[in-house]
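The following note is intended for a colleague who is meeting this structure for the first time. Please keep the sequence and the model in view while reading the numbered points.

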Amino acid sequence: MDFLRPASWEEALAAKAEHPTAVPIAGGTDVMVEINFDHRRPEYLLDLNRIGELSEWEVGEKTVRLGASVPYTKIMENLRTELPGLALASHTVASPQIRNRGGVGGNLGTASPAGDAHPALLASGCEVEAESVRGRRMIPIDEFYVGVKRNALAPDELIRSVHLPKADGPQQFSKVGTRNAMVIAVCAFGIALHPETRTVRTGIGSAAPTPVRAREAEDFLAAALEEGGFWESGNPIPPSVAKQFAQLASGACNPIDDVRGSAKYRRHAVGIMARRTLGWTWESYRGNERSAQCA
Amino acid sequence: MRVTFTVNGRQQEADDVWEGESLLYVLRERMGLPGSKNACEQGECGSCTVRLDGVPVCSCLVAAGQVEGRDVVTVEGLADYAKQRAEHGGCASGACGSSGTSIDAAKQWQAKPGESTELSPIQQAFIDAGAVQCGFCTPGLLVAADELLERNDSPSDADIREALSGNLCRCTGYEKILDAVRLAAARGENQTAGQGA
C-alpha cells in the first residue's frame, strides 16, 4: 500500500489521474473501517486532509458551495439557516467524534443507500462538482447514484464540492433507528418545500438499492397544492392528500429484508415519515414552527 | 513510512508505519501510550477518543499518515492539557470559541515530566462520583467529557448525553458517568465564582 499526500487540489487530481485505483480518504470514517477489518486493501490511499479548501464553504446569493470535506459538525453549526434539511440530517450522523471527521464528500463517494446526507441532498436538488485533470463537471444529484454503492464518478475524478440551492422554504429530515446516536438508518426520509417554484422534492434513504426520490409523490403533492391554491392560502393540507402522498412515497421504495429491518417495515415507515415530515414542513410554511425537533 | 507529530506536547516520531495503520495503533503499539483503548475499530464505541488539533475524534478511524505534523492529545496528557488550559484562562472566559484550544496555543503547551501526577478536574470527578467500573471506556469518556466542559461550562443533561453519545460503556454505568460530568461542571463553576470571575 502507498500513502499519497497531495498538498494541493491540483496535486490530488494529478495523483488520481496517475493512480485511478487510489482510494480517497478524508474523514476516514468509512475507509478506515474497511481497512481495519481487512475488507479492503487498496493499492493507494489518497489523503485529502491537507487540502484546506475542501473543508471550506461559501454562501452565495442563491447557492451554498459546500467543500467535500466540511465536517458534519460544521454544517450543523453554521449552515442551519441555508441548508436546514442537510443540517438536520447531519445531526443524526453517528456521534460527535464521527461528525467531527466525516463530510458529504464521503457519503457521496461511498454512495451507500444508507448514507444520512443523501435524502437531504436529493430533496435540495443539488449538484456535485466533480473534477479530474481532464476538467470539471457538475453532476445533478438525480444522476449521481447509479447502483448499490456506485456513483457517476469516473475513475480519475474526485469530488470537490456540492453546490446546494439555499433553502427557499421549510425542509425536514426523519430517520428510523434503534437509538438517536450511532445508528445506520433502517430507513430515512427528507423533504424540501420549494415555494419559489411551487414544487416539493423528496429523498428516501435505506429503502432501495440507491438513494431515491419519491417522484410520483412529489408530482401528486405539487399538483394537489397548486389546484387547491394552498401555496397562496396557506390552508392546512387535507388528510386525504397527506395520506395519498405517504402511500406514493411508500410505493417509491424498493427495499430488502436485512438485519436492520424488513422490507415491509421499511415501506411502512417511509410512508409514516413522509406524512409526518410533510405535516411539519407545511405547518412551518404556514408560520407555525414545530417546537420539538425529533420524530 | 515515517510519521512525525506532536503527542501531549512532545514531538514524536514513528518509523516503519504501515500505510493503512490507524493513529490508535501508532499511539498504543509504537509510542507506548495504551491509554486510548482499542475495542471496536469502527468508530462505534469511542474508547479510542483523542483530540486531533483540539477536535475529539476516534483515533481508530484516522490514518496514521493523516496525522503528520498535527497535534494529538490523549488521555495520558489530559491532566497537563487541562492544567495548561486553566492557567491560560481556558474557555470559561469564552476566548477560545467553539473550536476549543487553538493550534497555536497547543503548540506552546509543554509537558512537565517528573512532577507528581495530578489529575484533571474531570478525572478527579470520575473517581469521586464512582464513574469508573471496569475502566475500559473511561479514557475515551474522559477526553470527550473534558472537551464538552471546555466549550460549555454548564452543560444541560441533554448536552452531556449528546456529547457522550459516541462513547459506549458496557458495564452500563451511565448514570454515574453523567454524575461525574455534572460534578466537574459544578466544581468548575464554584471555582470560577471563588475567583470572582
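1. Two residues are said to be in contact if their C-beta atoms, placed from the backbone, lie within 7 Å. Helices (H or I, at least four residues) and strands (E, at least two) are DSSP runs, numbered from the N terminus. A residue counts as buried if 20 or more other C-beta atoms lie within 10 Å of its own, as exposed if 12 or fewer do, and as partly exposed in between, with C-beta atoms again placed from the backbone.

2. The model is a predicted one, in which local features need pLDDT of at least 70 and side-chain atom pairs count only at pLDDT 80 or more, while totals for chains, interfaces and linings use all residues. Residues are numbered from 1 along each chain as its sequence is written, and chains are lettered from A and ligands numbered from 1 in the order in which they are written.

3. Chain A holds 11 helices and 13 strands. Its radius of gyration, taken over C-alpha atoms, is 19 Å, close to the 19 Å given for 295 residues by the globule rule, so chain A is as compact as a globular protein of that length. That rule is 2.2 Å times the number of residues to the power 0.38. The C-alpha trace of chain A spans about 60 × 45 × 30 Å along its principal axes. Buried residues make up 51% of the 295 in chain A. Of the contacts in chain A with a separation of 6 or more, 66% are between residues 24 or more positions apart.

4. Chain A is divided into domain 1 (1-47) and domain 2 (171-285), with bounds that come from an automatic or database domain assignment. The C-alpha centres of these two domains of chain A are 36 Å apart.

5. Which elements cover the buried residues of helix H10 of chain A? They include strand E13 (199-205), helix H8 (215-227) and helix H11 (263-285) of chain A. The buried residues of H10(A) are A:Phe245, A:Ala246, A:Leu248, A:Ala249 and A:Ser250. The 13 residues of H10(A) (residues 239-251) should span 18 Å at 1.5 Å a residue, and the end C-alpha atoms are 18 Å apart, which agrees. The expected span is 1.5 Å times one less than the number of residues.

6. Strand E6 (residues 127-132) of chain A has two pairing partners to inspect, where pairing requires that DSSP finds at least two bridges between the strands. With strand E7 (residues 135-140) of chain A, E6(A) pairs in the antiparallel sense over six bridges, and the two form a hairpin with two residues between them. Here A:Ala130 stands opposite A:Arg137. E6(A) also runs antiparallel to strand E10 (residues 158-165) of chain A, joined to it by five bridges; A:Val128 has A:Val162 as its bridge partner in E10(A).

7. Chain B has seven helices and five strands, in the order β-β-α-β-β-β-α-α-α-α-α-α along the sequence. Of its 197 residues, 47% count as buried. Helix H5 (residues 138-151) of chain B is mostly covered, with 13 of its 14 residues buried.

8. In strand E3 (residues 49-52) of chain B, B:Thr49 and B:Arg51 point one way and B:Val50 and B:Leu52 the other, and all are buried. Four bridges join E3(B) to E4(B) in an antiparallel arrangement, in which B:Val50 is partnered with B:Val57. Two residues lie between the strands of this hairpin, where B:Asp53 takes a positive phi near 50°. E3(B) is also antiparallel to strand E5 (residues 71-73) of chain B, over two bridges, and B:Leu52 has B:Val72 as its bridge partner there.

9. How many residues does each chain bring to the contact between chain A and chain B? Chain B supplies 24 residues and chain A supplies 26. Strand E4 (residues 55-58) of chain B gives the largest share of the chain B side, four residues.

10. A:Met32, in helix H2 (residues 31-36) of chain A, is buried, with 29 other C-beta atoms within 10 Å. Leaving aside neighbours within four places in sequence, A:Met32 is in contact with B:Ser22, B:Cys60, B:Leu61 and B:Ala63. A:Met32 and A:Ala263 are 231 residues apart in sequence and 29 Å apart in space, C-alpha to C-alpha.
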